[in-house]
Amino acid sequence: MICSTGIENYTTPGTFNMEQSRPETDRQEWYFITKYKCYVKYATRIKGSILFHSIPYNWKDEDCIDRECLWRFGTPASHGCVRLRWQDAKFIAENCMPGTHVKVLCSETRDDELRSLLYQESFDASKGFSYEDGLIENFYLSL
């Protein structure tokens, strides 16, 4: 999954067990981030205030995606959260239950060929793409 992580190493490397949902809006279609006054889709808590979620929206409307965030997608751009395509954020929200291991790694190399492919495709069961059926037990995120 292509993503944007935190600028200036705001996404802390380490191994985490995904936390229980806190507000009733965790893992739902829309989640409002009060501190940054934006909406995201399918927010799933990794640890504390660090979440998996979609690229931010200015309003609770799919036509109002934050264009600057969209332009920076695939590069460090957040305050620590992991920004994903909404389809990938939804997949995590629906399939990665509390306790799922998330490993955040710092990497000094980038696979540009893989990055290009990830820009082209997202999870789509109708096309036969799958991240494995059932519970995903480990996620590895390379910063």
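Colleague: Hi! Can we start with the second largest pocket? What is its volume?

Modeller: Happy to! In this predicted model, the second largest pocket has a volume of about 400 Å³.

Colleague: And which residues are closest to its centre?

Modeller: The lining has 23 residues, and those closest to the centre are Ile-33, Tyr-36, His-79, Cys-81 and Arg-83.

Colleague: Which elements give two or more residues to that lining?

Modeller: Three strands do: strand 2 (31-33), strand 3 (38-40) and strand 5 (50-54). Strand 5 gives the largest share, with three residues.

Colleague: How do the lining residues divide into nonpolar, polar and charged?

Modeller: There are 12 nonpolar residues, six polar ones and five charged ones.

Colleague: Nice. New topic: rings! How many aromatic pairs are there?

Modeller: The count comes to four aromatic pairs. One of them joins Trp-30 and Tyr-57, with 5.2 Å from centre to centre and 80° between the planes, an edge-to-face arrangement.

Colleague: Where do Trp-30 and Tyr-57 lie?

Modeller: Trp-30 is in the loop between strand 1 and strand 2, while Tyr-57 is in the loop between strand 5 and helix 1 (67-71). The two parts are 27 residues apart in sequence, so this pair ties them together.

Colleague: What about Tyr-42 and Trp-86, how are their rings arranged?

Modeller: Their centres are 6.4 Å apart and their planes meet at 25°, so the pair is stacked. Tyr-42 sits in the loop between strand 3 and strand 4 (44-47) and Trp-86 in helix 2, so this pair links parts that are 44 residues apart in sequence.

Colleague: And is each one buried, partly exposed or exposed?

Modeller: Tyr-42 counts as buried at 10% relative accessibility, whereas Trp-86 is partly exposed at 29%.

Colleague: Which residue lies over the face of Trp-86?

Modeller: That is Lys-41, which lies 4.6 Å from the ring centre.

Colleague: Okay, loops now. What is phi of Arg-27?

Modeller: Phi of Arg-27 is near 70°, a positive value in a residue other than glycine. You can find Arg-27 in the loop between strand 1 (14-17) and strand 2.

Colleague: What about phi of Lys-37?

Modeller: Lys-37 also has a positive phi, near 50°. This residue belongs to the loop between strand 2 and strand 3.

Colleague: Are Arg-27 and Lys-37 buried or exposed?

Modeller: Arg-27 is buried, because its relative accessible area is 16% and the cut-off for buried is under 20%. Lys-37 counts as exposed, because its relative accessibility is 65% and exposed means over 50%.

Colleague: Last one! Where does Thr-100 lie, and what does its side chain reach?

Modeller: Thr-100 lies in the loop between helix 2 (86-95) and strand 7 (101-105). Its side chain reaches the backbone oxygen of Met-97 at 2.7 Å. Thr-100 is buried as well, with a relative accessible area of 4%.

Colleague: Great, thanks for the tour!

Notes. Residues are numbered from 1 along each chain as its sequence is written. Side-chain values use heavy atoms; hydrogens and water are left out. On a 1 Å grid over the protein atoms alone, a cavity is a set of points where a 1.4 Å probe fits but cannot get out, and a pocket is an open set with protein on both sides within 12 Å along at least five of seven lines; lining residues have an atom within 4 Å of a point. Grid points are joined across faces, edges and corners, and a volume is the space filled by probe spheres set on the points. Helices (H or I, at least four residues) and strands (E, at least two) are DSSP runs, numbered from the N terminus. Ala, Val, Leu, Ile, Met, Phe, Trp, Tyr, Cys and Pro count as nonpolar, Asp, Glu, Lys and Arg as charged, and the others, Gly among them, as polar. Buried means under 20% relative accessible area, exposed over 50%, partly exposed in between (1.4 Å probe, protein chains only). A polar contact is a pair of N or O atoms within 3.5 Å; within protein, one must be able to donate a hydrogen and the other to accept it, and residues adjacent in sequence count only if both atoms are side-chain atoms. Rings of Phe, Tyr and Trp (its six-membered ring) pair if their centres lie within 6.5 Å; planes under 30 degrees apart count as stacked, over 60 as edge-to-face and the rest as tilted. A charge sits over a ring if NZ of Lys or CZ of Arg is within 6 Å of the ring centre and within 35 degrees of the ring normal.
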